[in-house]
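Please open the model in a viewer and keep the selection panel at hand. The stops below follow one another as a series of selections.

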Amino acid sequence: MSFKSFQLNLLNLRPWLTLLAVGWLLASLGLGWLVNSLLIIVGLLFLAPIVAFFGFRWWLQRNLVADQCPVCGYEFTGLNDSQLQCPSCGESLLVQNSHFQRFTPEGTIDVTAIEVPAKSLED
């Protein structure tokens, strides 16, 4: 290893050595709390986005619902405990208990039609 390559390596380490010297100087003057708080802030700046990413993924897995429209059978996704419209038929839907349900305003009676064969009516 030549002296020139050692000198180039030392130039690459210069900012880190300066930072270490400043930290050591502040600690020796009784300002170690300042160095510690700066290290905590920098650590939080790197840690917060990682925690937020995994937290958002966890929340999305719990609240994202994939189901079929009860009117037309079109399969799509929505957020739990929200109101939305079917992109296929335009029906207003509520997402409750991880299923899509038709949204009916208060006072509306929802009935299910049953097909009755004509032969049974004649009997």
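Select V65 first: it stands opposite G78 in strand β2. This is a predicted model, in which local features need pLDDT of at least 70 and side-chain atom pairs count only at pLDDT 80 or more, whereas totals for chains, interfaces and linings use all residues. Residues are numbered from 1 along each chain as its sequence is written, and side-chain values use heavy atoms, with hydrogens and water left out.

Strands here are DSSP runs of E with at least two residues, and helices are runs of H or I with at least four, numbered from the N terminus.

**The end of helix α2**

Move to N63, in helix α2 (residues 32-63). N63 counts as buried because its relative accessibility is 19%; buried means under 20% relative accessible area, exposed over 50%, and partly exposed in between (1.4 Å probe, protein chains only). Apart from neighbours within four places in sequence, N63 is in contact (heavy atoms within 4.5 Å) with G78, L79 and N80.

**The core**

Next, select V65, C69, F76, L84, C86, L93, V95 and F100, the 8 residues of the largest nonpolar core. Such a core is a set of buried Ala, Val, Leu, Ile, Met, Phe, Trp, Tyr and Cys residues joined through side-chain atoms within 4.5 Å. Within this set, centre the view on C86: leaving out residues up to four places away in sequence, C86 touches C69, C72, Y74, F76, E91 and L93.

**The salt bridge**

From E91, go to R102: their side chains meet in a salt bridge (3.4 Å, N to O). R102 belongs to strand β5 (residues 99-102) and E91 to the loop between β3 (83-85) and β4 (92-96), so the pair links distant parts of the chain, 11 residues apart. The rule asks for a side-chain nitrogen of Lys or Arg within 4 Å of a carboxyl oxygen of Asp or Glu, and by it the count comes to 1 salt bridge. R102 counts as partly exposed, at 38% relative accessibility.

Note on methods: Two strands pair if DSSP finds at least two bridges between them.
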